[in-house]
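Trainee: Could we go through this structure together? I would like to learn where the labels come from.
Mentor: Gladly; here it is.

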Amino acid sequence: MAENSLQNRVLKFLNSLPNCVAENVSGNSNQSGRADINGCISGRAFKIELKDPSTGYEPSAKQLRYLEKWSKKAGALAGVCYSLRDVKQLLEDYL
């Protein structure tokens, strides 16, 4: 599955949840290292980096530092997800 297709499915799912807003923030060089999806659910910010498992790509060190900063310093929900199931698990662990 292409990362774009996964991203569309994840955004559709997230924006269907009550008390949740999510947006795509990937796409240009000024956003290098940032998570693909930013959002907020029930007052808690989240950052999700999506990776397509079929490509074998892993998150870069820069991306991992970004997620860690948001998670540890700001208390946001942050993670790397390889599927819609991973996204659901990330939210379930919080909710």
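Mentor: We start with a definition: a nonpolar core is a set of buried Ala, Val, Leu, Ile, Met, Phe, Trp, Tyr and Cys residues joined through side-chain atoms within 4.5 Å. Buried means under 20% relative accessible area, exposed means over 50%, and partly exposed lies in between (1.4 Å probe, protein chains only). This is a predicted model, in which local features need pLDDT of at least 70, side-chain atom pairs count only at pLDDT 80 or more, and totals for chains, interfaces and linings use all residues. Residues are numbered from 1 along each chain as its sequence is written, and side-chain values use heavy atoms, with hydrogens and water left out.

Trainee: How many residues does the largest nonpolar core have, and which have the most contacts inside it?
Mentor: That core has 18 residues, and those with the most contacts inside it are Val 10, Leu 14, Ile 37, Phe 46, Ile 48, Leu 50 and Val 87. At least two core residues each come from helix 1 (3-16), strand 1 (20-24), strand 2 (37-41), strand 3 (44-50), strand 4 (77-81) and helix 3 (84-94). Helix 1 gives the largest share, 5 residues. Helices (H or I, at least four residues) and strands (E, at least two) are DSSP runs, numbered from the N terminus.

Trainee: What does Ile 37 touch?
Mentor: Contact means heavy atoms within 4.5 Å. Not counting residues up to four places away in sequence, Ile 37 touches a list of residues including Val 10, Leu 14, Phe 46, Ile 48 and Leu 50.

Trainee: Why is Cys 20 called buried?
Mentor: Its relative accessibility is 9%, and the limit is under 20%, so Cys 20 counts as buried. Cys 20 is found in strand 1. Leaving aside neighbours within four places in sequence, Cys 20 is in contact with Leu 14, Asn 15, Cys 40, Ile 41 and Phe 46.

Trainee: What makes Asn 19 exposed?
Mentor: Asn 19 has a relative accessible area of 60%, which is over 50%, so the label is exposed. Asn 19 sits in the loop between helix 1 and strand 1. Its phi is near 60°, a positive value in a residue other than glycine. Most residues other than glycine have a negative phi.

Trainee: Why is the pair of Tyr 66 and Trp 70 called tilted?
Mentor: Rings of Phe, Tyr and Trp (its six-membered ring) pair if their centres lie within 6.5 Å; planes under 30 degrees apart count as stacked, over 60 as edge-to-face and the rest as tilted. Tyr 66 and Trp 70 are 6.3 Å apart centre to centre, with 55° between the planes, so they pair and the pair is tilted. By this rule the count comes to 1 aromatic pair. Both residues lie in helix 2 (residues 61-73), 4 residues apart, about one turn of the helix. Tyr 66 is buried at 12% relative accessibility, whereas Trp 70 is partly exposed at 29%.

Trainee: What makes Lys 47 count as lying over the face of Trp 70?
Mentor: A charge sits over a ring if NZ of Lys or CZ of Arg is within 6 Å of the ring centre and within 35 degrees of the ring normal. Lys 47 lies over the face of Trp 70, at 3.8 Å from the ring centre. Lys 88 lies over the face of Phe 13, at 5.2 Å from the ring centre.
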